[in-house]
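How does one read the features of a protein model, one at a time? The dialogue below takes that up.

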Amino acid sequence: MAGYLLGIDNGSQSTKVTVFDEHGTVHARARVPLRPNDMPRPGVVEHPDDDLWDSICAATRAALDAFDGEPSELLGVGLCTIRFCRAMLRADGTLAQPVLSWMDERVSRPYEHTNPDVRYVTTSSGYITARMTGRFRDTAANYQGVWPIDTDTWAWVADPDVPRDMLFELVYPGEKLGAVTAEAAAHTGLPEGLPVFATANDKAVEALGAGLGDDRTLLLSLGTYIAGMTTGSHNVHDAKAFWTNFACWPREYLYESHGIRRGMWTVSWLRDLLGDEEWLNAGAASVPAGSEGLVAVLDWLAPVEAPFRRGAFLGFDGRQGPFHMYRAVLEAIALTLHGNGNAMARELGTEFEQVLVSGGGAGSDVLMQIVADAFDRPARRAQGGAELGSAICAGVGLGLFGDFDEAVAAMVKPGTEFRPDQATHERYRRLSEVYRELPGYTDPLFTWLASAGE
């Protein structure tokens, strides 16, 4: 390969852009934070102005500035953006109104056409594709929930509740979306005519880049939304402990456990309140398992089915300080996902032999050890995420690899493994029972607090 692949990961809190070679080696990387969401009233969560596109342009330019090679050496771009967003576009592909965040309650309902300026309704990836290529095409694998898509065929349903001419053409992961236009080249620094390739929803792309490829491995995705994931070939309908999502392998599926909303957002929030992340991680490692009786309730963003819930710390008795609070949140994340992951495994009729951990939180040794101890399984740090998954899709689309499996074998490298400690696992096994019973006590309290505040 005489060239490089560029992977874009437009997440909930930042946009990350990385330049890779065909071995998965990083040659340049940049990250640009997103601006805070606009939340003018309860239930409304919007991305301000043109922040998604602006952050991608800024991160791409920064990555190219850090790249020792020339932009002309790039062979292709893989595009991954936040899932479950809704973008309403004018006929020219620009925004008719702000992009709705996945946290906006309106995205849980079908689109209602109330703005005459809206010509197209799409995802965030469809919007960025239109801005980058001028084409109204999008990956089928980023449509779930209320979108009128047949999840068996990966195609629009025959009679969608949105006029068909308002919906984009659908392609599979690894297929070409279009090429960078002159206007997009001026904004991003990418060469005009550079091919842009489809990926999937951000969790599926992250799973691809992490190397998740079998049903005996559970991937913990430590993002703003935290979930446990594994793979399969069947579109499982009406599961109780998980839901079925599109995978980044065409016509394959990703099984996703119940998760934690604002998961790593809560960690970032606490870090901003308490102090430096390195300091907090070092201090949390010195705190005994169980945080000396302090437990965290993680509903900092209440789930749709229980809007009364809130986040909380319980069990202060004078022994605890900032390190206990930080560790209690990390333990709550691990133990919650342990329960959710095991419930998914039981329903799938499988048992997980190892845990793969991706996302920013995977960089924390103390969190990795907590995960290994909570699951009583080896926990391996994923070396790649959605940026690498995006680059893999571009490599497959360009024909540099015969298929996705070959690309993963070539580009994904194993990370550090953490082994469980049996004594600590036994402590967490008992503590998991506390977390399982907590909602029975906190739900009535939060319900009362919500009604008292009305």
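Predicted model: local features only at pLDDT ≥ 70, side-chain atom pairs only at ≥ 80, totals over all residues.

Q: How much space lies in the second largest pocket?
A: Rolling a probe the size of a water molecule over the atoms shows where empty space is left. In this structure, the second largest pocket has about 210 Å³ of space.

Q: Which residues line the second largest pocket?
A: The lining includes Arg-86, Met-88, Gln-97, Leu-100, Arg-106 and Arg-109. Pro-110, Tyr-111, Glu-112, Thr-114, Asn-115 and Val-118 also belong to the lining. By kind, the lining residues divide into 5 nonpolar, 3 polar and 4 charged.

Q: What forms a salt bridge with Arg-106, and at what N to O distance?
A: A salt bridge pairs a side-chain nitrogen of Lys or Arg with a carboxyl oxygen of Asp or Glu, within 4 Å. Here the partner of Arg-106 is Asp-104, at 2.7 Å from N to O. Arg-106 is also one of the residues lining the second largest pocket.

Q: Where is Asp-104 found, and is Asp-104 buried or exposed?
A: Asp-104 sits in the loop between β5 (87-89) and β6 (120-122). A residue counts as buried under 20% relative accessible area. Asp-104 has 1% relative accessibility, so Asp-104 is buried.

Q: Which residues does Asp-104 touch, leaving out those up to four places away in sequence?
A: Asp-104 touches Gly-43, Val-44, Val-45 and Glu-46. With Val-45 there is a polar approach: a polar atom of the Asp-104 side chain lies 2.9 Å from the backbone nitrogen of Val-45.

Q: How far apart are Pro-42 and Glu-105, in sequence and in space?
A: Sequence distance and spatial distance are read separately. Pro-42 and Glu-105 are 63 residues apart in sequence, and their C-alpha atoms are 8.9 Å apart in space. Pro-42 is in the loop between β3 (26-33) and α1 (51-66). At 79% relative accessibility, Pro-42 counts as exposed, whereas Asp-104 counts as buried at 1%.

Q: How many salt bridges does the structure hold?
A: There are 22 salt bridges in the structure. One of the pairs is Arg-83 with Asp-202, whose closest N and O atoms are 3.9 Å apart. This pair links distant parts of the chain, 119 residues apart: Arg-83 is in the loop between β4 (74-81) and β5, and Asp-202 is in helix α4 (residues 202-210). Arg-83 and Asp-202 are both buried.

Q: What is the closest N and O distance in the salt bridge of Asp-443 with Arg-309?
A: The closest N and O atoms of Asp-443 and Arg-309 are 2.9 Å apart. The pair links distant parts of the chain, 134 residues apart, with Asp-443 in helix α11 (residues 422-452) and Arg-309 in the loop between β17 (295-298) and β18 (311-314). Asp-443 is buried because its relative accessible area is 17%, and Arg-309 is buried at 19%.

Q: Which residues are linked in a network of salt bridges?
A: Salt bridges can be read as a network as well as in pairs. Glu-426, Arg-429, Arg-430 and Glu-433 are linked in such a network.

Q: What is the phi of Arg-251, and what is the phi of Asp-376?
A: The backbone angle is read together with the residue type. Arg-251 is not a glycine, yet has a positive phi of about 65°. Asp-376 is likewise a residue other than glycine, with a positive phi near 55°. Arg-251 lies in the loop between β15 (242-246) and β16 (253-257), and Asp-376 in the loop between α8 (365-375) and β20 (379-381). Arg-251 is partly exposed at 39% relative accessibility, and Asp-376 is partly exposed at 22%.

Conventions
Residues numbered from 1 in each chain as written. Heavy atoms only, no water. 1 Å grid on protein atoms, 1.4 Å probe; cavity = no way out; pocket = protein on both sides within 12 Å on 5 of 7 lines; lining within 4 Å. Points joined across faces, edges and corners; volume = space filled by probe spheres on them. Nonpolar A, V, L, I, M, F, W, Y, C, P; charged D, E, K, R; others polar. Helix = DSSP H or I, 4+ residues; strand = E, 2+ residues; numbered from the N terminus. Buried < 20%, exposed > 50% of the residue type's maximum accessible area, 1.4 Å probe, protein only. Polar contact = N/O pair within 3.5 Å; in protein donor to acceptor, adjacent residues only side chain to side chain. Contact = heavy atoms within 4.5 Å.
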